[in-house]
Amino acid sequence: GAEEVPSVLRKAAKGRSPLERARAALTLSATPKHISCREEEMGQIEDFVQCCLSEGSGSRQQQQQGRCLYISGVPGTGKTATVLEVMRRFKKKAERQEVPQFQFVELNALRLPTAQHAYSFLLEQLTGWQTTPMRAAEELNAMYFDGDAADVAGGSRAAKQGQRKLVTILLVDEMDQLVTRSQSVLYNIFEWPMHRNSCISVIGIANTIDLPERFLPRVLSRLGLQRVAFQPYSQQQIQEIIRSRLQDLNGQSGEGLFDRQAIEYVARKVAAVSGDVRRALELCRRGAEMACEAAGGAGSTEAAGVTIRHIDAAIKEMFGASHMKLLEALPELDKIVLGFLILELRKTGTVETVLESLVTRAKRTLSVLPDRDALKDPQIAEISGSVTQLSRMKLVVAEPPVKHRHRKVALNVPADDVAYTIGSSGGEQLKWLHKLLKG
């Protein structure tokens, strides 16, 4: 568990200025008291969890199959935070005995060495046992298949412990990282809830809305059709989230520390690029730091204010990095290739692609844009040359050109920065591409 904050530090925190407290409230690690602007999505997730607990808490003869829910949305739209908030609410309800007791397990696939290590992680979280992925898969299958199947499995320790089962809610974050050629890990995870008396339900989270359509038919049939899509935050929603973070700072409202125009400015800038609220919070936090420095440093108790000038300086600092200058100076062709690379990576849900797939993505996209002259009939040699140039500037990571159409390519800079550059410096010629990247 987390260690207690020493009393000396707590006293020091109480002595901080309102601006310092506002800056702390805007950090990405700060836990807000409630999730703003996601009431509808939260309601759908709550209904799902409530059904899981209701159907899985009866006697062994009454217990039904588990459920599966797929949540999608671009980064920074509050998917994981909303699910965790829902689970915190149900934990409190369980403590008050308003709902049956359950166990919640969070698995972030980005933190796993391989997809198969999901088995070892899950078994350790559920039972405390550490073992190899192969052995862990056997134990988990014994736990979540029907009771008869568990007996046939040789009476494994996990199966015996599972005779009196709590309902388990499993959150699989960054689910696209578990996609392999055979998709066996995903198949097993979504297969477990299908068995009667398994007492497990799965919530999967990924960035692409059509990831399930790229699953093998046997995996897709297990996932089902229950889905929740998180749309990018609008300008008004970003403003509301920032203000909600500033509302309660040790009994004092922090909203007065920020000019209204400053909040509107950062919300408008971020909403125009991606709708990623994390970037808006970072800009506000950096603006608060600059205002604090201008007011006399962190030790000052003077209530300084954050103006549009501070936010503008934070934006220039964030988007004034060396790679941003390189992006702005790129020829139109290279910007288009980067844009198509982002579209392809989003579509596949992977971190890399091959040159042949990138060219196919370009042709498919341009085929529905007949009025576009750029890359009218893109050739693989033309795009390969652009990739080579981008690789030299460290904007992408690419294998040597000798591999030709099978050459692997990956983005080496944030996708939001590319979209921002295309929108701000691409002009009318690339407005169509900016719309595609925002969509």
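Me: In what order do the five strands of the open sheet stand, and is their pairing parallel or antiparallel?

Reply: Strands are DSSP runs of E with at least two residues and helices are runs of H or I with at least four, both numbered from the N terminus, while two strands pair if DSSP finds at least two bridges between them. In this predicted model, local features need pLDDT of at least 70, side-chain atom pairs count only at pLDDT 80 or more, and totals for chains, interfaces and linings use all residues. Residues are numbered from 1 along each chain as its sequence is written, and side-chain values use heavy atoms, with hydrogens and water left out. Here the order is β2-β3-β4-β1-β5, with parallel pairing. Because β2 (102-108) and β5 (227-229) each have a single partner strand, one side of each is left without a neighbour in the sheet.

Me: How many bridges join β1 to β5?

Reply: Three bridges link β1 (residues 68-72) with β5, and Y70 has R227 in β5 as its bridge partner.

Me: Which strands does helix α4 lie across, and at what angle does it run to β2?

Reply: Axes are lines fitted to C-alpha atoms, for helices over the stretch in contact, with angles from 0 to 180 degrees between N-to-C directions; contact means heavy atoms within 4.5 Å. Helix α4 (residues 79-95) lies across β1, β2, β3 and β4, at about 160° to β2. Helix α5 (residues 117-127) touches β2 and β3, and its direction makes about 150° with that of β2.

Me: What is the order of the open sheet formed by three strands?

Reply: That order is β6-β8-β7, with antiparallel pairing, and helix α18 (residues 380-392) lies across β7 and β8.
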